[in-house]
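Please keep the sequence and the structure in view while reading.

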Amino acid sequence: MVEFAVGVLDKSMDGFAPHYSIQERGAEKERKLFTELLQKQIEEERSRVPKAIPYPYTTDYPVIPPKPEPKHCTRPEPFQLESLLRHEREMQRELEERQRLEKEEAKMRTFRAQPVLIEDPIPVPEKERKPLTQVEGFNLHVDHRAVGRAEFDKKIKEKELMYQKYREEAEAARLMEEEKALKQLRKTLVPHARPVPKFDHPFLPQKSSRAVTKPRSPKLLIIKRQERRKMACPYAAAVSSAASKMR
């Protein structure tokens, strides 16, 4: 049934003209999509159908595969490892190095007489005859240092005396200042009577030349608000005034 539908669709699609409208092209695209889906579905159904293994050509005699040809036995052959070659080269190098060292030691052990020295290679200088040392008196640094120390102590003592004199003068000046301040404080603490006032020119009050103060009503904001309300709605103001009179 599915194969028949696909064939019908293919025949119907072959009859379309190359020039067609947008609706026809949309319909054709839908048909192509439908056919592709149908073909995929048919292939999936065919893949799901189990297939039996075919029978052999004959069942009278069993099919025996031919016997393979016999192979020759493996012949062992000698092989050379790279590590063995490196080992032999290293051993040869060590042997040559050992022989070279033995030859050098043998040359060093052979006796060879030194040549006879005709001239002395290290000439010894001749001894000089110096005069005898003359003994002189010692000039010790302690004597000079004692004199300098005495001068230093003298200067230090003079400075101490001068500083002590400055301290005594400063202390005496401080005591004098304290004594003056104490005397001044005692003077201020003594009570003194007030002097008697003089009544030669008694005070006589005179009449003021200013006019009498006239009272003025304060400018309150309530009055301004009432005026603004009257200007805004005069009917409400009249009603409120009538209601206040009725009360």
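In this predicted model, Glu178 and Arg174 are joined by a salt bridge in which the closest N and O atoms are 2.6 Å apart. Because the two residues are 4 residues apart in helix α4 (residues 141-189), Glu178 and Arg174 are separated by about one helical turn. Glu178 is partly exposed at a relative accessible area of 42%, and Arg174 is partly exposed at 39%.

- Salt bridges that share partners link Glu97, Arg100 and Glu104 into one network, and the structure holds 9 salt bridges.
- Arg100 counts as partly exposed at 38% relative accessibility, and Glu104 is partly exposed with a relative accessible area of 38%.
- Glu90 forms a salt bridge with Arg93, with 2.5 Å between the closest N and O atoms, and these two residues of helix α3 are 3 residues apart, about one turn of the helix.
- Glu90 counts as partly exposed at 36% relative accessibility, while Arg93 is partly exposed with a relative accessible area of 46%.
- An α-helix has 3.6 residues a turn, so residues three or four places apart point the same way.

**Overall fold and burial**

- The protein has 6 helices and 0 strands, and its pattern along the sequence reads α-α-α-α-α-α.
- Of the 247 residues of the protein, 3% count as buried, and the protein exposes about 27,800 Å², of which carbon and sulfur atoms supply 59%.
- Helix α2 (residues 22-48) has 27 residues and should therefore span 39 Å at 1.5 Å a residue, which agrees with the 39 Å between its end C-alpha atoms.
- Buried residues in α2 are Glu28, Thr35, Leu38 and Ile42.

**Surface patches**

- A nonpolar patch on the surface is formed by Phe79, Leu81 and Leu84, which together have about 330 Å² of accessible area.
- A positive surface patch is made up of Lys214, Arg216, Lys219, Lys224, Arg225, Arg228 and Arg229.
- Arg225 has its place in helix α5 (residues 221-232), and Arg225 is partly exposed, with a relative accessible area of 39%.

Definitions and conventions
Residues are numbered from 1 along each chain as its sequence is written. This is a predicted model: local features need pLDDT of at least 70, side-chain atom pairs count only at pLDDT 80 or more; totals for chains, interfaces and linings use all residues. Side-chain values use heavy atoms; hydrogens and water are left out. Buried means under 20% relative accessible area, exposed over 50%, partly exposed in between (1.4 Å probe, protein chains only). Accessible areas come from the Shrake-Rupley method with a 1.4 Å probe; for residues, only the protein chains shown count as cover. The expected span of a helix is 1.5 Å times one less than its number of residues. Patches are made of residues with over 30% relative accessible area and no salt bridge: like charges are joined within 9 Å, nonpolar side chains (Val, Leu, Ile, Met, Phe, Trp, Tyr) within 5 Å. A salt bridge is a side-chain nitrogen of Lys or Arg within 4 Å of a carboxyl oxygen of Asp or Glu. Lys and Arg count as positive and Asp and Glu as negative; His and the chain ends are not counted. The place of a charge is taken as NZ of Lys, CZ of Arg, CG of Asp or CD of Glu.
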